[in-house]
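Good morning, and thank you for the time on today's agenda. Please keep the structure in view as I speak.

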Amino acid sequence: MDGWLHFNLGPSATVPLLLGVFAVCFSLVSMVVKEWLFLSETLVAFLFGVAFGPKGVGAVSPADWIDVPSFTLEFTRLIIAIQVMAAGITLPKKYLMRELKSLLMLLGPVMTWMWLTSAAVIMLVFRLGFLESLLIASCVAPTDPVLANSIVKGKFAEAKVPQHVRDIISAESGANDGLGYPYLYLALYLLKYSTREALTRWVVVVILWEIAASIAIGAFVGWAARKLLQFARERQWIDHDSFLSFAISLTLLTLGLVALVGSDDILACFVAGNSFTWDDWFRKETKEAHFQDVLDTLFNYTFFIYLGAIVPWDTLSGSIEFVTTGRLVASALLIILFRRLPMMMAVTRLAPAIRTFREALFAGWFGPIGVGAIFYAMVAYEELQSEVFDGLKAKEYLLPIVFSLVIASVIVHGITIPLYHIAAAVPNATVAVSKFLSRTPSQSSSNLFVGAVRGTPPLNIAGARGLQGSRLRRQVEGFDNAHLSSSCPAVPEHTFLLSGSERRPENLPNYGSLANSNV
């Protein structure tokens, strides 16, 4: 060390400093951001990462000190595993069995539609081959459990979105994050092998081993963990802190065990979480504890700041043929609009958990593209490094297309709720202002305008005497109250965003009351 003063500008100092600055500053205004402005913390964290990343002030540049693809792959694997485990644990008793028909519709026709529609858009916009388009589209077919949290958790979700809609969105996002492998490897095998060999490998390796085996392993691990935990709890062998953190421990155990045997670890974590709380015992025991929510929040902060810092901006600005900013924006808009929404509307009557077309519209819109897309993009990126895939345009097009879709989804779905409030409030506010301005002075109840008609002096109510004065005061006060009640109607009780889908729960905050007023 030269001299007595030394500044450490390496990642060991800058990374925890920036994470700490964001966590502390955001925590101080988190209620304002999330419950007043209805912005998701993932959007704010992502923008923070962009601001302090290489294309911002340059405080951090992960590419200088880590292998970004390999690190991102393992980081996203951990984030998704924790989130899908949490999704499985928070579902009601025997939920997968009770809503099996709805889940099969969402994980079958709907997810396949999302895959094929995304592939069609990518093929047309970027002039790629069909199989290469299918490969890239497989990365964005799953919905994201992290971004879905903004509309299934929190006071706004509890106040505005029916419980059965939140449950099916959580279940779908947890399950389909593990079901991206069949779509990804079908495209990879078709590019690598003959059609017959590709289909054979796909059925045996992917469907039977990675999917079926991971479901069996996850179900057994979750069941065994539940029995062991109940056994230890009955004998008071486990303390409170270890009991609360048991779900995180189970996530790591399942993730490592299933990865060890080469099966689908993400799907196994979701199944294990649901099997673990099959009888609803653990969910009820930990309902008032928020340990896992706190841990999830910290992981999400960290990942989306990291994501903002690793965005390959150079490849998003036209450095690759046909991958221009205009094409990326066009593909993002088309995919967000048509990837999920039309099919959700089409299967409304076939999915019992989606009871109305309004609910289908809501669930169809909120199918965000996020951490899962980055994870599968990194899996595909590693596979494409093989010499067999030399010459494929998908090797260059993969990351910029997937990153652009993730960025678009984070922004669009992150600002949807605020835009909903603004759109709902503006017409009613306009009507209220118009009514106020259209009132003539003689109709106003304010003393400022009393007597202003025809230049007459204001009434001197205070100076009135006797019976005549008191009668005059009562008349003016009654006129005042009548106009106040007619011009300012009482704020109605809370109503659901998806009105008519279920009864209103009691004691919930009245978000968006202005939007629902009868002005």
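Predicted model: local features only at pLDDT ≥ 70, side-chain atom pairs only at ≥ 80, totals over all residues.

The lining of the second largest pocket divides into 15 nonpolar, 5 polar and 2 charged residues. Two or more lining residues come from each of helix 3, helix 4 (68–90), helix 17 (291–310), helix 21 (371–383) and helix 22 (394–438). Helix 17 gives the most to this lining, with 3 residues.

How many cavities of 30 Å³ or more does a search of the whole structure find? The search finds 2.

The largest cavity contains about 50 Å³ of space. Its lining is formed by S40, T42, L147, S150, P368, S409, V410, H413 and G414. At least two of the lining residues are supplied by helix 8 (145–152), and at least two by helix 22. Which helix gives the most to the lining of the largest cavity? That is helix 22, with 4 residues. By class, the lining of the largest cavity has 3 nonpolar and 6 polar residues, and no charged ones.

The second largest cavity contains about 40 Å³ of space. Around this cavity are I336, R339, R340, G364, W365, G367, I369 and H413. The lining of the second largest cavity comprises 3 nonpolar, 3 polar and 2 charged residues. I would draw your attention to H413, which is listed in the lining of the largest cavity and also in that of the second largest cavity.

A nonpolar patch of about 710 Å² is made by V24, L28, V29, M31, V32, W36 and L37. Helix 1 (11–28) and helix 2 (30–36) are the elements that give two or more residues to this patch. Helix 2 provides the largest share, 3 residues. L37, for its part, is found in the loop between helix 2 and helix 3 (41–52).

R127 is not a glycine, yet it has a positive phi of about 60°. R127 sits in the loop between helix 6 (100–126) and helix 7 (130–140). F322 is likewise not a glycine and has a positive phi, in this case of about 70°. F322 belongs to the loop between helix 17 and helix 18 (325–338).

Are these residues buried or exposed? R127 has a relative accessible area of 52%, and because exposed means over 50%, R127 counts as exposed. F322 has a relative accessible area of 19%, and because buried means under 20%, F322 counts as buried.

Thank you for your attention.

Notes
Residues numbered from 1 in each chain as written. Heavy atoms only, no water. Patch = residues over 30% accessible without salt bridge, like charges linked within 9 Å, V, L, I, M, F, W, Y side chains within 5 Å. Areas by Shrake-Rupley, 256 points an atom, 1.4 Å probe, with all protein chains shown as cover. Salt bridge = Lys/Arg side-chain N within 4 Å of Asp/Glu carboxyl O. Nonpolar A, V, L, I, M, F, W, Y, C, P; charged D, E, K, R; others polar. 1 Å grid on protein atoms, 1.4 Å probe; cavity = no way out; pocket = protein on both sides within 12 Å on 5 of 7 lines; lining within 4 Å. Points joined across faces, edges and corners; volume = space filled by probe spheres on them. Buried < 20%, exposed > 50% of the residue type's maximum accessible area, 1.4 Å probe, protein only.
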